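I set down what I looked up, entry by entry, with the questions I started from.

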Amino acid sequence: MINVMQLQRIWAMFNARNKEFFRDRAAFGWNFAFPFLIIVGFGIIFGGETLSTFKVGIFPQKGVSVIFSETTIPQHFKNNSAVSFVAISTLEEGLDKIHYHKIDLLIDGRSSENRYWVNDSSPKSYITEQMYKAALQPDDTVAVDRNIINGEQVRYIDWLFPGIMAMNMMFSALWGVGYVVVRYRKNGALKRLKATPLTAFEYLSAQMISRIFLLMFTFTIVWIGADLIFDLKIQGSMLLFFLTFFLGGLSLCSIGLFLAARGTSEEFTSGALNFISWPMMFLSEVWFSLEGAPAWVQNISWVFPLTHMLKAARKVMNEGVGFTDIQLECGLMILTTIIFLTLAASLFSWNE
Amino acid sequence: MIDIPAYNKKMSILSVQNLRKKYGNSVAVEDISFSVRQGTCYGLLGPNGAGKTTTMEVVEDIIPATSGTILYKGRARDISFREEIGIQFQHTSLLNFLSVKETLHCYQKLFKHPEELDRLVARCNLDSILHKRNNQLSGGQQQRLMLALALVNKPELVFLDEPSTGLDPQSRRYLWEIVEDIKGNGKTIVMTTHSMEEAEFLCDTIAIVDQGCIIAEGSPAQLITTYCKTNTITLPLSVIENKLPALDIDFSLHGNSVAVRSRNVEETLRILMAANIELKEMVVDSPDLEDVFLYLTGRKLRD
């Protein structure tokens, strides 16, 4: 049980770290500027579209890859190097994926009427459709059955926003905690603290709470700014959306603390943080869906807490689900936090 | 079950027995034993690399010992040890963006019984820099802040590791006054230094450390009288040159001067005066801790 003295010490370190953060103006400004610039950049300048390949879902398919011999897909379209194909088992699954921008076009592979679905809010969906139609009717004689997906469409910016915020949170949590702790150890600031009754658990808790506070503060400010510009649509509960980022932030901070538990080499820590953060960013669907990627790649993505944070956040923001639909992701994030925080506390060294 | 007697002030507040510290195959502290009485200043004097700082950090519980026993108030160091000691490290750092006042506040909150801020500020002369940020302090100001942090919990036992290193003479003198004041308040001080002047001025007991061992221990006066009984009387060669063969003195020539070694200065002066030697330009040097170290190791402290 935590006593008053322990709380007082955690509070003292929490306050000290916050003051450091807010007074380091360059770092402070960058924490806001970075996500904001990316959102504005991709949201406005490029219209939110960043991918050069187009994903087409084909249904019904039994396996993990499309068997073209069972489909009516024209040869020209199959050979288009700008298009990759994703095997989808049912129409419902396909509609779900195109709705949430995981694929750009959905085609009924058995249909003799060339039945397909597009997402009207997606420029990529429009381009893919044009390529499909061009392959179908070079002489303008083939009829098509064009369908637009039903319901309110998820804009790309609404799909992108959680990803950008999660990515920023990941960098801020890993570097803002891990790198800082190693720097403090190297310059002797941690050694000075060891000469006090402060325990490793108290120190790490204070660092974690401080970083979470700063992350959520940054998140709120950037969200307000982005909402004013893009009128972001959160289908589900705002509180639940906040919770997913809170739990995600905790799990990422705990990984940062684990990586910084020992050592005084900023270069090594920098390498280790890069080694973790870059694969996490690319495999957690921040920028693009892993739909159609090899199974082993998708399995690896499950290891990363960023994947679960993003999955849960997008479910709440884009699909409007409740807590029961994201409890698995929340549970995994809590588990990650417990494991890495325990490891960090037991391995933590104040000195070299 | 071992019956440990209750601590009283006549006992040693700190007792170190057969302390040894190794880093891999390298031995930093070979075998060190000492004890410190309450209300005194105990100094570890020795050249750089002698093992003073390692000894201090093991005793402070900053790094673990390879072997040996350390007792604080007659018992193994426990959770209360950190509440009752203050440490000024030789090399350490603070949070750059906090002010001096905020730093003191932060450290006050880490202890159960902190010192009042005003007393701390007055004692360490921090008034003029209270609102300065830590990264804007000069070397002397940083040392004073570090000393204040070492005193923030009203410690019973204060460890000072090379407290005046890098300070100008005025700042050093001021720091010594603060340390004297701490001692005057009944606190116990354990310090390391490679300055014999500092050791002589501040320490009641000095342990001379060399190559991870204590080679001599005692008060400055005891060490000098035990190991260096000889004074040196220096005279210009011109005033004594012709009479040297006839004098019963131990001397050596150094360019244009003669160094006369004497265990009894009064007796030697009587011999010189009897020989009608001009003593106007005479210089008498008493031995100091530097001489003690030279006598014990064959090297100078600063080598």
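Entry 1, a helix pair in chain A. In which hand, right-handed or left-handed, does α6(A) pass α9(A) in their crossing? I note before answering that this is a predicted model. I looked up the pair and found that α6(A) passes α9(A) in a right-handed crossing. The axes of helix α6 (residues 156-187) of chain A and helix α9 (residues 238-259) of chain A come within 8 Å of each other, and they cross at roughly 30°. Because angles under 35 degrees count as roughly parallel, I wrote down α6(A) as roughly parallel to α9(A).

I then listed the residues that meet. From α6(A) the contact includes A:Met165, A:Met169, A:Ala173 and A:Val177, while from α9(A) it includes A:Phe245, A:Gly249, A:Leu252 and A:Gly256. An α-helix has 3.6 residues a turn, so residues three or four places apart point the same way. By class, the residues of the contact of α6(A) with α9(A) come to 14 nonpolar and four polar, with no charged ones.

I went on to helix α12 (residues 305-319) of chain A and helix α13 (residues 327-347) of chain A, whose axes come within 9 Å and cross at roughly 150°. Since angles over 145 degrees count as roughly antiparallel, α12(A) and α13(A) are therefore roughly antiparallel to each other, and their crossing is left-handed. On the α12(A) side I noted A:Pro305, A:His308, A:Met309, A:Lys311 and A:Ala312, which meet A:Glu329, A:Cys330, A:Leu332, A:Met333 and A:Thr336 in α13(A). I sorted the residues of this contact into six nonpolar, two polar and two charged.

Is A:Val316 buried or exposed? A:Val316 has its place in helix α12 of chain A, and it counts as buried because it has 28 C-beta neighbours inside 10 Å, where 20 or more are required. Leaving aside neighbours within four places in sequence, I found A:Val316 in contact with A:Gly236, A:Ser237, A:Leu240, A:Phe241, A:Thr244, A:Val321 and A:Ile326. I also checked A:Ile234, which is 82 residues away from A:Val316 along the chain, and the C-alpha atoms of the two are separated by 7.2 Å.

For the other residue I took A:Glu92, which lies in helix α4 (residues 91-99) of chain A. A:Glu92 has 10 C-beta neighbours inside 10 Å and therefore counts as exposed, the limit for that being 12 or fewer. The C-alpha atoms of A:Glu92 and A:Arg110, 18 residues apart along the chain, are separated by 16 Å.

I recorded 13 helices and five strands for chain A, and its C-alpha atoms fill a box of roughly 85 × 40 × 35 Å along the principal axes. Of its 352 residues, 45% count as buried. Among contacts in chain A between residues at least 6 apart in sequence, 80% join residues at least 24 apart.

The domain assignment gives chain A a domain 1 (4-46 + 155-347) and a domain 2 (54-148), and the centres of these domains, taken over C-alpha atoms, are separated by 37 Å. Eight residues of domain 1 of chain A are in contact with 11 residues of domain 2 of chain A, and the domain 1 side has three nonpolar, three polar and two charged residues.

How many residues does the contact take from chain A and from chain B? I noted 20 residues from chain A and 21 residues from chain B. On the side of chain A, the elements that give two or more residues are α1 (4-23) and α7 (189-194), and α1(A) gives the most, with eight residues. That side of chain A divides into seven nonpolar, five polar and eight charged residues.

Chain B is itself divided into domain 1 (12-219) and domain 2 (230-286), whose C-alpha centres lie 44 Å apart. After α1(B) comes B:Asp61, for which I wrote down a positive phi, near 70°.

Technical notes. Residues numbered from 1 in each chain as written. Chains lettered and ligands numbered in written order. Predicted model: local features only at pLDDT ≥ 70, side-chain atom pairs only at ≥ 80, totals over all residues. Domains from an automatic or database assignment. Contact = placed C-beta atoms within 7 Å. Helix = DSSP H or I, 4+ residues; strand = E, 2+ residues; numbered from the N terminus. Nonpolar A, V, L, I, M, F, W, Y, C, P; charged D, E, K, R; others polar. Axes fitted to C-alpha atoms, helices over the stretch in contact; angles between N-to-C directions. Parallel < 35°, antiparallel > 145°, perpendicular 65-115°, else oblique. Left-handed = near helix turned anticlockwise from the far one by under 90°.
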